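Student: Please take one residue of this model and look closely at its surroundings. After that, widen the view to the rest.

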Amino acid sequence: MQLSYSLSRLGIDHAVLSDDPAPGGMFRRWPVFQRMLSWTKPFTGVERHERAYERFDWNSLLADEASNRAVMPALMDGTSYFPSRPEMQKGLEAFAERTGIRVRHGTRWESTRREGEDFVLTTAAGDYRAPVVVFAVGVAQPYRPPITGLEQVPHYGDFRPVETYKDRRVFIVGKQNSGFEIATGLLPWARQLVLASPSPTKLSVNTRTLVGVRARYVQPYEDAALAGGVIILDATIEEVKKVGAAYQVRTRNPAGHELTMAADDVIAATGFVTPLRDLPLLGVATFGQSRLPAQTPFWESATVPGIFFAGTITQGSAGLKKHGIPSNSGAVQGYRYNARVLARHLAETQFGLRTPHPALEAASVVPYLLAELSHGPELWHQRSYLARVINLDRDRGITDEGILPLAHFIDQGGGDAVAVALESNGQGDPYPAVYLRRDGMMSEHLLAPHPLLQFEGPEHDRQLRDILDTVLSASASPA
Amino acid sequence: MAVRDDLVNTIAAFSLFADLSGPQLEEVAHLFDESFFGQGERILRQGVSGSGFYVILEGTAGIRVDNVDRSVLKAGDYFGEISCLLGEVPVADIVAQAPLRCLVLPAAQLEGFLTAHPRIMYRLLQGEARKLKNTTKWLS
């Protein structure tokens with residue numbers, strides 16, 4: 001939906017096919033406990049129609065016009081800053097309706113083939129032919145690792161009404177957010193909860209990123225730490241065996257010790273894979289447990305040019321992944337920006353559209369970049385991944401190139417230019433990073449963090465000027 | 001758990017992990033992330049901080065210093081350990097010469113991983129000794 005909106009505003013003709021009956025995608029069904037993990041803060045000191053508000057609103061899609069921005073906060077009932085699943089669904093429906101996004105719902109993509117320069121998508125409603133195809137099919141196909149007996153247990157997506165787990169022993173395979181979400185919901189119902197997977201649990205409050213179990217679902221972890229009855233095991237699951245109406249689960253820890261335990265229910269919270277259908281047969285390479293398609297910095301298949309991706313699948317374009325911290329491309333607050341950047345990229349590279357690249361005065365560059373670092377939502381949500389890029393070409397003048405993938409900027413080469421991004425190292429506060437390309441050489445400059453996350457003060461101004469002064473003085477006046 | 005069976009089988013053949021038991025190999029498969037890089041894509045960037053420790057699962061990569069290609073890495077080889085161990089930026093680009101599949105561990109986790117797996121640390125040390133020997137031979 002975000003990509004369609006952005007393409008439409010650029011005047012790019014396209015068709016959107018969806019198997020769903022209406023807008024909302026996976027949020028028409030999940031999460032199972034009916035509340036999102038992404039927040040929308042109602043009171044921030046920033047007007048909701050302003051771009052800076054997006055930093056605090058992780059759930060609204062992006063609009064150019066003020067009237068269609070920040071759809072979500074107005075639809076939330078105020079009882080939580082995490083929207084409920086129905087509120088999220090309503091937000092997407094409202095955005096589609098207000099912005100006039102046209103989706104051919106109930107149109108199932110069945111197969112894909114190449115014909116000359118075009119791709120042809122087969123659907124029950126007929127064939128669609130296009131030189132460029134963008135797949136935004138989510139990471140929504142339940143995945144079960146090949147563990148003996150696991151195929152007979154329900155997956156996260158098959159979770160029953162919570163009261164049916166009353167006074168039962170529940171074994172949850174998997175210790176990611178979905179496993180802990182279920183455990184949190186079952187705390188007042190289950191007699192015993194066991195969560196098991198080979199590697200230790202990480203917590204987002206420790207990683208200072210979205211890597212790890214989110215704070216909302218940490219209660220089972222505390223219960224286990226205080227020996228309240230929840231058990232968390234770092235062990236492989238060797239076998240799940242049905243015994244009468246119950247199960248026996250055999251586990252083994254890295255030291256090789258086996259432990260077998262009984263459970264009334266076993267739930268596979270083992271994640272999802274990307275439903276790419278026949279795309280791998282066309283040569284689309286995938287990787288990892290989620291079978292994400294490998295992508296370039298502009299979300300094009302790394303192995304099949306012309307096939308692009310949008311939505312949560314764009315986490316397959318890892319970017320720099322500095323300090324091992326992934327982008328937020330797996331979530332709305334990250335991939336909505338990827339979609340907008342992709343729309344512009346497609347418009348410029350596939351449809352010959354030249355989008356505006358506004359000229360800047362040399363004197364305005366430093367304050368502009370510091371303002372972007374302080375308030376630019378793209379930089380806050382997509383750290384070390386999306387960057388504000390300023391061209392410092394000595395002949396053409398100083399121009400704002402907009403938001404671009406940082407990996408693209410660093411690797412592409414070209415004339416003098418600067419990119420700024422926010423970065424985190426998983427240990428302290430985020431800090432600004434400056435990448436300066438001068439005479440073909442790239443240099444990285446990490447600025448100091450600020451305890452109040454404000455980067456427009458004299459210290460950052462001085463640091464940035466020290467980096468840019470010589471190149472700015474050498475750049476021409478605006479084109 | 002038989003999860004990521006193919007991956008476990010692949011790394012079982014690498015000298016770096018040759019001393020590990022089956023459960024330990026599975027632990028490694030879970031601890032490391034998997035990454036894919038298209039041909040020509042850079043994995044490590046000379047002078048850019050925040051990189052990690054990589055083990056090549058499939059494909060080849062070139063070591064490039066100041067835009068000059070120096071050497072080629074293949075499946076079972078690893079890179080990035082020097083900048084991880086020293087806490088410094090990489091001194092070379094690593095560039096995928098063909099579609100490249102890797103395991104990756106963030107730098108901050110390498111010390112804990114190696115101290116928890118002394119046999120891997122020893123194998124890594126052997127690898128570093130070989131690199132030093134080759135460099136010394138080359139210089140002399």
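Tutor: Y435(A) sits in strand 22 (residues 431–438) of chain A; helices (H or I, at least four residues) and strands (E, at least two) are DSSP runs, numbered from the N terminus. The model is predicted, local features need pLDDT of at least 70, side-chain atom pairs count only at pLDDT 80 or more, and totals for chains, interfaces and linings use all residues. Residues are numbered from 1 along each chain as its sequence is written, while chains are lettered from A and ligands numbered from 1 in the order in which they are written.

Y435(A) counts as buried because it has 20 C-beta neighbours inside 10 Å. The term buried applies if 20 or more other C-beta atoms lie within 10 Å of a residue's own, exposed applies if 12 or fewer do, and partly exposed covers what is in between, with C-beta atoms placed from the backbone. Leaving aside neighbours within four places in sequence, the contacts of Y435(A) are F409(A), I410(A), V418(A), A419(A), M442(A) and E444(A); a contact requires that the C-beta atoms of two residues, placed from the backbone, lie within 7 Å. L446(A) is 11 residues from Y435(A) along the chain, and their C-alpha atoms are separated by 8.7 Å.

The domain assignment of chain A gives domain 1 (2–139 + 273–350), domain 2 (144–270) and domain 3 (362–474); such bounds come from an automatic or database domain assignment. Taken over C-alpha atoms, the centres of domain 2 of chain A and domain 3 of chain A are 44 Å apart.

The interface with chain B comes next. 32 residues of chain A are in contact with 28 residues of chain B. On the chain A side, two or more residues each come from strand 11 (236–243), helix 11 (406–412) and strand 23 (441–446) of chain A. Strand 23 of chain A gives the largest share, four residues. By class, this side of chain A has 15 nonpolar, 12 polar and five charged residues, where Ala, Val, Leu, Ile, Met, Phe, Trp, Tyr, Cys and Pro count as nonpolar, Asp, Glu, Lys and Arg as charged, and the others, Gly among them, as polar.

Chain B is assigned domain 1 (1–31) and domain 2 (34–109). The C-alpha centres of these two domains of chain B lie 21 Å apart, and five residues of domain 1 of chain B touch five residues of domain 2 of chain B. In helix 1 (residues 5–12) of chain B, the buried residues are L7(B), V8(B), T10(B) and I11(B). Seen down the axis of helix 1 of chain B, these residues fall within an arc of 160 degrees, so they line one face of the helix; the arc is that of the directions from the helix axis to the C-beta atoms. They pack against helix 2 (22–31) and strand 3 (52–58) of chain B. The face turned away from the buried side of helix 1 of chain B carries the exposed residues D6(B) and N9(B).

Back in chain A, strand 3 (residues 109–115) and strand 4 (residues 118–123) run antiparallel and are joined by six bridges; strands pair if DSSP finds at least two bridges between them. E115(A) stands opposite D118(A) in strand 4 of chain A.
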